[in-house]
Amino acid sequence: MAQAADILMNRWPAKTGRYHVAARKACLGVLEGLKEAHYARAAFVNAAIEADILVERDA
């Protein structure tokens, strides 16, 4: 989760929006022990969709 937070805060490749802000808060919440990781993952995916940078891979 620390890597996701770093990307969101320091290396986000697109302009930010409301989903980006939500993802930052969610990731920081996980790092502080206030949220569960699956919420932050979903928020990160939504932020990537919002920024049109999501790349889906086959599992």
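Which residues does C27 touch, not counting residues up to four places away in sequence? With contact taken as heavy atoms within 4.5 Å, C27 touches M1, A4, A5, L8 and A40.

This is a predicted model, in which local features need pLDDT of at least 70 and side-chain atom pairs count only at pLDDT 80 or more, whereas totals for chains, interfaces and linings use all residues. Residues are numbered from 1 along each chain as its sequence is written, and side-chain values use heavy atoms, with hydrogens and water left out.

The protein chain has three helices and zero strands, helices being DSSP runs of H or I with at least four residues and strands runs of E with at least two. The radius of gyration, taken over C-alpha atoms, is 11 Å, close to the 10 Å that the globule rule (2.2 Å times the number of residues to the power 0.38) gives for 59 residues, so the chain is as compact as a globular protein of that length.

Of the 59 residues of the protein chain, 25% count as buried, that is, under 20% relative accessible area with a 1.4 Å probe, protein chains only. Among contacts between residues at least 6 apart in sequence, 52% join residues at least 24 apart.

Key
Buried < 20%, exposed > 50% of the residue type's maximum accessible area, 1.4 Å probe, protein only.
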